[in-house]
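Trainee: I am new to this structure and would like to go through it with you, one question at a time.
Mentor: Gladly; let us look at it together.

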Amino acid sequence: MAKRRLIILGCGGFVGSHLTDRLLASGEFEIFGYDLTSKKCAQHLDNPDFHFREGYVDSSNTEEILGDKIGDVEAIFSLAAVCNPAEYVKNPVFTINSNFIHAYKLVDLCTKAGTWLIHTSTCEVYGRTIASYIPGDEYTDANLYEQREDETPLVMGPIVNQRWTYAAAKALFERYIYANHTENGLPFTIIRPYNWFGPRMDYIPGRDGEGVPRVLACFMKALLDGQPLQLVDGGGAHRTITYIQDSVDALTRMLDVPKARNQTFNIGNRANECTVAELARMMRDVYAEITGDSRFKEHPIEDVSSEKFYGPGYEDCDRRVPDVSKAERLLDWDPKYDLRDTLRLTMQYFHDAWGS
Ligand code: UGA
């Protein structure tokens, strides 16, 4: 039987590589993958169902690179993105370019070909909660903080706070997709991930990359190097952590659900909400378990201001609580991994790669 054909832009990234693993393991798909590097998907380079092309796809070359293929696949997953808050503040032009200017031609091409575009956006498009602007509010009214795909307003801070370059570019990209859907019939699905964690996420500075990665890798580096875990502005911000295998489950399920088309989905595990300070403490405990060294339970944690950690222009998302009833209803999606298991599986990977 002929295989189902898909394009994955960003197949060599954290999410793309796990998605590629799952789809190829099913034996049902032939995948055309594109990325700057094949480091995280090198395990598939010899697979005849995987066709990898290395290089940057931007608006000047999207048509040349994808033009022939785009009409010939069932769907295209667009997963390539710069999604690291340290970049939004330090390199805001690059952030906007890579998340909108270099990417929008993909929407045009999919529209022309009538190809289903499955785009990974971000929960960050919601920005801050309305509750966070109400003095004294203690998150008692879910209507003021819970995030519902088709109802909740997108609330971003002022232009001088360049943290929002990414969210604004992503939100405009979503709007460009939706506009092409309503005006020109583009079939689409938008995914808003909530802090997906797992093996191969980001990089460990000084080992396989340089810079300031996201929180998981920052805390992991501190544990590996015997340095304090740093809590930005006290670590009071909330996050909802989702294990990558649950996330990939949602992404693959939608391929067989016609009703997943022309929808936006929050994909996050509500049961795994924690503050960043709680995350730091749990990571210490889990690392003590992994290494068998109970001293990690008391590993130092220190406060740092966001100005010092990221530079001026940083502002945080206060809380991210997804309404996932649409994913439950349409995709029959039900995340399985609790926070401790998510951390255990993720940290074990980094310990195996870099721990002594
Ligand atoms: C980032 C992206 O901007 C989102 O689009 C994406 O959905 C999300 O990652 C994700 O992983 O899914 P954010 O959660 O703010 O958003 O990124 P992190 O760098 O992981 O930061 C999480 C929290 O930890 C923030 O409050 C940050 O200030 C804090 N943090 C980070 C620390 O307290 N210490 C650190 O060493 C690093």
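Trainee: Is Y176 buried, partly exposed or exposed?
Mentor: In this predicted model, the relative accessible area of Y176 comes to 25%. Buried means under 20% and exposed means over 50%, so a value of 25% places Y176 in the class between them, which is partly exposed.

Trainee: Which parts of the chain does the pair of Y104 and Y176 tie together, and how many residues apart are they in sequence?
Mentor: The rings of Y104 and Y176 form an edge-to-face aromatic pair, with 6.1 Å from centre to centre and 75° between the planes. Y104 belongs to helix α5 (residues 104-113) while Y176 belongs to helix α6, so the pair ties together parts of the chain that are 72 residues apart in sequence.

Trainee: Which residues do ring pairs link into a cluster?
Mentor: Y104, which counts as partly exposed at 26% relative accessibility, is one of the residues in this cluster.

Trainee: Is the pair of Y310 and Y314 stacked or edge-to-face?
Mentor: Both Y310 and Y314 are buried. Planes under 30 degrees apart count as stacked, and the planes of Y310 and Y314 stand at 20°, with ring centres 4.0 Å apart, so the pair is stacked.

Trainee: Over the face of which residue does R319 lie, at 4.4 Å from the ring centre?
Mentor: The charged end of R319 sits over the ring of Y139, at 4.8 Å from its centre. At 4.4 Å from the ring centre, however, the face over which R319 lies is that of Y145.

Trainee: Which element supplies the largest share of the lining of the second largest pocket?
Mentor: This pocket holds about 330 Å³ of space and is lined by 17 residues, with E149, E174, Y178, R192 and T264 lying nearest its centre. At least two lining residues each come from α6 (164-184), β7 (188-193) and β12 (263-267). The largest share of the lining, five residues, is supplied by α6.

Trainee: Is T346 buried or exposed?
Mentor: T346 is part of helix α12 (residues 339-354), and, leaving aside residues up to four places away in sequence, T346 touches F197, G198, P199, L216 and Y243. The relative accessibility of T346 is 0%, so T346 counts as buried.

How values were computed: Residues are numbered from 1 along each chain as its sequence is written. This is a predicted model: local features need pLDDT of at least 70, side-chain atom pairs count only at pLDDT 80 or more; totals for chains, interfaces and linings use all residues. Side-chain values use heavy atoms; hydrogens and water are left out. On a 1 Å grid over the protein atoms alone, a cavity is a set of points where a 1.4 Å probe fits but cannot get out, and a pocket is an open set with protein on both sides within 12 Å along at least five of seven lines; lining residues have an atom within 4 Å of a point. Grid points are joined across faces, edges and corners, and a volume is the space filled by probe spheres set on the points. Helices (H or I, at least four residues) and strands (E, at least two) are DSSP runs, numbered from the N terminus. Buried means under 20% relative accessible area, exposed over 50%, partly exposed in between (1.4 Å probe, protein chains only). Contact means heavy atoms within 4.5 Å. Rings of Phe, Tyr and Trp (its six-membered ring) pair if their centres lie within 6.5 Å; planes under 30 degrees apart count as stacked, over 60 as edge-to-face and the rest as tilted. A charge sits over a ring if NZ of Lys or CZ of Arg is within 6 Å of the ring centre and within 35 degrees of the ring normal.
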